[in-house]
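Subject: Structure handed over, with notes

Dear colleague,

Please find below the structure I said I would pass on to you. My notes on it follow, and I would be glad if you read them with the model open beside you.

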Amino acid sequence: MKSRRRPYSEQRPQDLGGGVWSVPVPIPGNPLGYTLVYALESPKGPVLVDAGWNHPDAWEALSGGLAALGLDVSTVRGVVVTHFHPDHAGLAGRVKERSGAWIAMHENDAALVRLMHEYPPDEHESFQSDMLRRAGADPREVRQAVSRPTPPALPDRELRDGDLVDLPGRKLRAVHTPGHTPGHICLHLEDADRLFTGDHVLPDITPHVGIYPYDRDDVDPLGDFLDSLARVGELGPLDALPAHEWIFPDVAARAAEIRHHHEEKLERLRALLAQRPEPQTIWEVAAMMTWNRPWDDLSPMLRGMAAGEAAAHLRALEARGEVRRVPGVDPVRFQALDS
């Protein structure tokens, strides 16, 4: 079954066949519009893939959507979260409260959720402010861009690559696909040749891949993301059930398209840096890259996300030996190396 993206107001819960259902859950105030939450049948109660944003309208959509499909949220056996972001994990805690369901996510994202719960708010704000300053942000934007997300519920179970999810009578296997988050997973329903892709592979847009703090040099999330796309491609032309937009066939072909897109973006960035006689801050690099709207029209929060993505591209180029960071300067700066 394949559908096309429509506004949330036109979305409806669907029976996708083979004991799989989808429920659109709204994301208030977000241009993505909604998260597609999936329910998988089992003799001991349905298991959800993701849960949606923690908001009263979202809860009503999730519980009401399940009811429209003949499912009761109080019977949910578990929630397996593709990654810790609030439009995926936000309602998992409320589902657990209602049904006693377990919550599962990859161990890398579980570690981040624990850190979010333990980190004092004032320390988080100080951390963000210093990160933005080191990236070269204007001090006025630093004050406006700082925010503290509400952490999702702590997971009861941690998954690793290759683990089977507790879904009686079926084979739902975790495929570790880091990049969008360190612990992002896709979920391969092996008995039906379907892949729940979370945000890793979407049919029309590409997920945000950033690095935080921006100036880390010990990780390469974009490199991880590209490797994860190649791994998904090796699974073959499975039907993709993503968390946003629409269901589509041949996840391998779409994964290849996204890899090509980022390779082109990396080459454009390297060429832009080669044209600059002076090393550039992360903020300056973000301002000269192409986004879905002009840099001047981006809010401080969106500029912060753009800077995170610019930093991930710079780090990938650095790992490939195509750019270098200038040692001993604050804010951090990058320059192209001679090819």
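Two strands are taken here as paired if DSSP finds at least two bridges between them. The model is a predicted one, and with that in mind a pairing to begin with is that of strand 2 (residues 20–26) and strand 3 (residues 34–40), which run antiparallel and are joined by seven bridges; within this pair, Ser22 has Tyr38 of strand 3 as its bridge partner.

These two strands belong to an open sheet of seven strands, ordered 1-2-3-4-5-6-7, in which the pairing is mixed. Strand 1 (14–15) and strand 7 (157–159) each have a single partner strand and stand at the edges, so one side of each is left without a neighbour in the sheet. Helix 1 (residues 56–68) lies across strand 2, strand 3 and strand 4 (47–49), and runs at about 160 degrees to strand 2. Helix 4 (residues 107–118) also packs on the sheet, where it touches strand 6 (102–106) and strand 7, its direction making about 110 degrees with that of strand 6.

As for the chain as a whole, it holds ten helices and 14 strands. Its C-alpha atoms fill a box of roughly 65 × 45 × 35 Å along the principal axes. The radius of gyration is 20 Å, which agrees with the value near 20 Å that a compact globule of 339 residues would have. Buried residues account for 53% of the 339, and of the contacts with a separation of 6 or more, 65% are between residues 24 or more positions apart. The chain exposes about 14,900 Å², of which carbon and sulfur atoms supply 48%.

Once its neighbours within four places in sequence are left aside, Val285 is in contact with Leu269, Leu273, Gln280, Ala310 and Leu314.

Strand 8 (residues 172–176), in which four of the five residues are buried, is joined by five bridges to strand 9 (residues 185–189), and the two run antiparallel; here Ala174 stands opposite Leu187. Strand 9 and strand 10 form a hairpin with four residues between them, and Asp193 in the turn has a positive phi of about 55 degrees.

Strand 10 (residues 194–198) has five of its five residues buried, and both of its faces are covered, with Arg194, Phe196 and Gly198 on one side and Leu195 and Thr197 on the other. Four bridges then join strand 10 to strand 11 (residues 239–242), and these two run parallel, with Phe196 standing opposite Leu241.

With best wishes

Notes. Residues numbered from 1 in each chain as written. Predicted model: local features only at pLDDT ≥ 70, side-chain atom pairs only at ≥ 80, totals over all residues. Heavy atoms only, no water. Contact = heavy atoms within 4.5 Å. Axes fitted to C-alpha atoms, helices over the stretch in contact; angles between N-to-C directions. Rg over C-alpha atoms; globule rule 2.2 N^0.38 Å. Buried < 20%, exposed > 50% of the residue type's maximum accessible area, 1.4 Å probe, protein only. Areas by Shrake-Rupley, 256 points an atom, 1.4 Å probe, with all protein chains shown as cover.
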